[in-house]
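I wanted to look up a few places in this model and write down what I found, one entry at a time.

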Amino acid sequence: MKTTQLLIPTQKEAPNDAKIISHQLMIRAGLISKLASGLYSYLPMGVRVLKKVEAIVREEMDKAGSQEVLMPVTQPSELWQESGRWDEYGPELLRFHDRHGREFCMGPTHEEVITNLAAQYIRSYKQLPMSFYQIQTKFRDEIRPRFGVMRSREFIMKDAYSFHLDQESLQKTYDAMHQTYCNIFDRLGLDYRSVLADSGSIGGDASHEFHVLAQSGEDAICFSDESDYAANIEKVAFSKQANICSPKAQETEVLTKKKSSIEEVADFLSVEKSICIKTLIIKVVGGFKALALRGDHELNEIKAQNLLGEFELASDEDIKSLGLKKGFIGVKGLDIELIVDYSASALCDFVCGANEWDKHLTGANWKGIEFVEADLRNATEGDESPDGQGKLVIKRGIEVGHIFQLGDKYSKAMKANVIGESGKAVTTTMGCYGIGVTRVIAASIEQNYDDRGIIFPEAIAPFQVVIVPINYNKSTRVKDLADKLYQQYLKAGIEVLLDDRKERAGIMFADSELLGIPHRIVLSDTHADNGMVEYKARNNAEKLEVHYDEALSFIQSQLL
């Protein structure tokens with residue numbers, strides 16, 4: 001292609017609402033254009049990148065034996081009511097009525113539709129296992145769309161679903177899909193981790209997320225520095241610790257002069273936060289409970305919810321009604337159930353609130369206090385890895401893929417049964433496997449950029465090579481050489497962009513770097529004189545002089 005044949009609306013500045021680097025660079029490079037909040041058009045260069053991601057995903061899914069289908073975005077409410085999710089999913093599910101008054105939704109996911117298809121067409125155990133995938137538009141009515149295509153309302157996703165006669169078959173496909181996802185992300189050139197995860201609103205048992213490591217990631221992921229262990233921070237499980245505590249201090253009530261936060265109290269008493277106890281009061285169905293954690297630890301809300309069901313932090317009025325003093329809540333003398341995190345229950349001679357204004361206890365211990373022990377906390381950097389090998393490292397990650405073992409949550413509710421070997425009906429068990437195709441592009445940019453623009457991995461760059469001929473429209477020698485080289489590249493099957501605009505060299509260089517094209521060839525009158533061309537890789541500052549007659553073979557040697 002030639003630049004004058006393409007719409008490439010590059011910009012020097014990003015819009016004010018573009019807060020993260022991928023959003024800024026995708027706008028500046030002319031990959032996307034904002035239509036409304038959370039809605040983006042993909043422009044020609046963006047579509048080229050998108051199609052390359054889709055092609056890699058499609059090739060690997062086909063290799064895995066999954067069959068491609070295409071299901072409607074618009075889904076009837078009856079399917080969601082049958083699965084039980086119509087009222088459960090929440091406001092992200094965009095509901096509407098057609099002209100006949102029938103209720104529909106814009107599909108944020110397709111478990112109901114695919115299960116309905118399976119119920120119709122998969123009738124015998126002999127057809128199993130069977131899996132299907134699609135690459136298609138999804139819509140989730142995000143309360144606060146942000147970060148460009150990273151969290152938009154409309155997006156493209158690859159979702160796949162598998163059906164099985166038993167758990168053994170599901171596990172085999174789940175493991176194969178895990179490897180397929182690794183193959184996909186390897187080919188995309190991403191630095192990623194597969195981590196144990198919570199299944200969330202989709203449901204199911206086993207679950208893994210795939211995260212691209214990037215500072216802008218919304219999720220904290222943990223992995224061992226000595227083994228393959230990795231998990232989402234919500235999923236890192238800790239065991240009860242051996243209690244080797246030997247109390248030595250005398251419990252003392254001290255005035256803390258209006259110091260109420262852990263940070264203030266620890267600083268005032270000149271102690272580490274790790275020997276302080278913070279007590280949180282939560283409201284659950286049927287009343288209140290108290291949760292106690294070490295002062296340097298944070299409550300893991302997913303763990304607490306899995307243990308206690310839905311909950312919310314008690315309000316100031318709630319705390320007051322229990323006769324407690326906010327900021328000075330302790331673990332002694334409580335009239336509600338006390339649940340203590342494992343790491344907190346291993347402490348002795350600790351600091352906690354005294355349940356009186358302006359007072360804390362030092363040298364406190366658990367003797368005589370009734371409580372239940374549980375795993376309540378988030379992991380922290382340097383914790384022992386749960387697999388017993390090494391220490392935990394915590395990094396930010398962008399979720400780009402998620403695989404689930406759904407079990408029979410949907411197949412049972414929607415009667416996706418097959419006739420088993422015994423002649424009786426058997427409920428199928430399901431797997432679910434998703435990749436955020438549009439999110440992959442943004443995640444790749446978050447991981448691959450510099451102050452000049454995007455540095456696309458070669459597998460998904462819009463073009464492999466850009467030819468920048470200086471004075472192309474003025475020098476017939478430069479034009480002839482550039483056109484000849486351009487044709488050579490095309491015949492060799494190289495994806496090449498010829499910048500034939502009437503622009504200064506600096507603008508052409510800046511645009512090629514902004515767009516992240518991996519390889520650049522520069523031609524000028526000087527090069528016409530000496531028979532050379534200038535080569536520069538996007539990810540390398542070094543420039544090389546290459547003989548013009550070798551420009552084709554040289555580029556071929558550089559392509560992956």
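Entry 1, on burial. Before reading any value I noted the cut-off, since a residue counts as buried when its relative accessible area is under 20%. I also noted that this is a predicted model. I then looked up F350 and found a relative accessibility of 0%, so F350 counts as buried. W366 has 9% relative accessibility, and because that is under the cut-off of 20%, W366 counts as buried too.

I searched the whole structure and found 12 aromatic pairs. In one of them, Y181 and F210, the ring centres are 5.3 Å apart and the planes stand at 50 degrees, so I wrote the pair down as tilted. This pair links distant parts of the chain, with Y181 in helix α5 (residues 167–187) and F210 in strand β10 (residues 207–213), 29 residues apart. I checked accessibility here as well, and both Y181 and F210 are buried. F350 and W366 also form a tilted pair, at 4.8 Å from centre to centre and with 40 degrees between the planes. F350 lies in strand β18 (residues 350–353), while W366 lies in the loop between β19 (359–364) and β20 (372–374), 16 residues apart.

I found the charged end of R48 over the ring of F463, 3.9 Å from its centre. The charged end of R193 sits over the ring of F223, 4.6 Å from its centre.

Which way do the side chains of β29 point? I found H519, I521 and L523 pointing one way and R520 and V522 the other way, and all of them are buried. I set beside this the general rule that side chains in a regular strand alternate between the two faces of the sheet. Strand β27 (residues 465–469) pairs with β29 in the parallel sense over five bridges, and V465 stands opposite H519. Strand β30 (residues 532–537) runs antiparallel to β29 and is joined to it by four bridges, with A537 as the bridge partner of H519.

I placed H527 in helix α14 (residues 525–530), and at 9% relative accessibility it counts as buried. Leaving out residues up to four places away in sequence, I listed its contacts as V522, M532, V533, E534 and E545.

Note on methods
Residues numbered from 1 in each chain as written. Predicted model: local features only at pLDDT ≥ 70, side-chain atom pairs only at ≥ 80, totals over all residues. Heavy atoms only, no water. Helix = DSSP H or I, 4+ residues; strand = E, 2+ residues; numbered from the N terminus. Buried < 20%, exposed > 50% of the residue type's maximum accessible area, 1.4 Å probe, protein only. Contact = heavy atoms within 4.5 Å. Pairing = 2+ DSSP bridges. Phe/Tyr/Trp six-rings, centres within 6.5 Å; stacked < 30°, edge-to-face > 60°. Lys NZ or Arg CZ within 6 Å of the ring centre and 35° of its normal.
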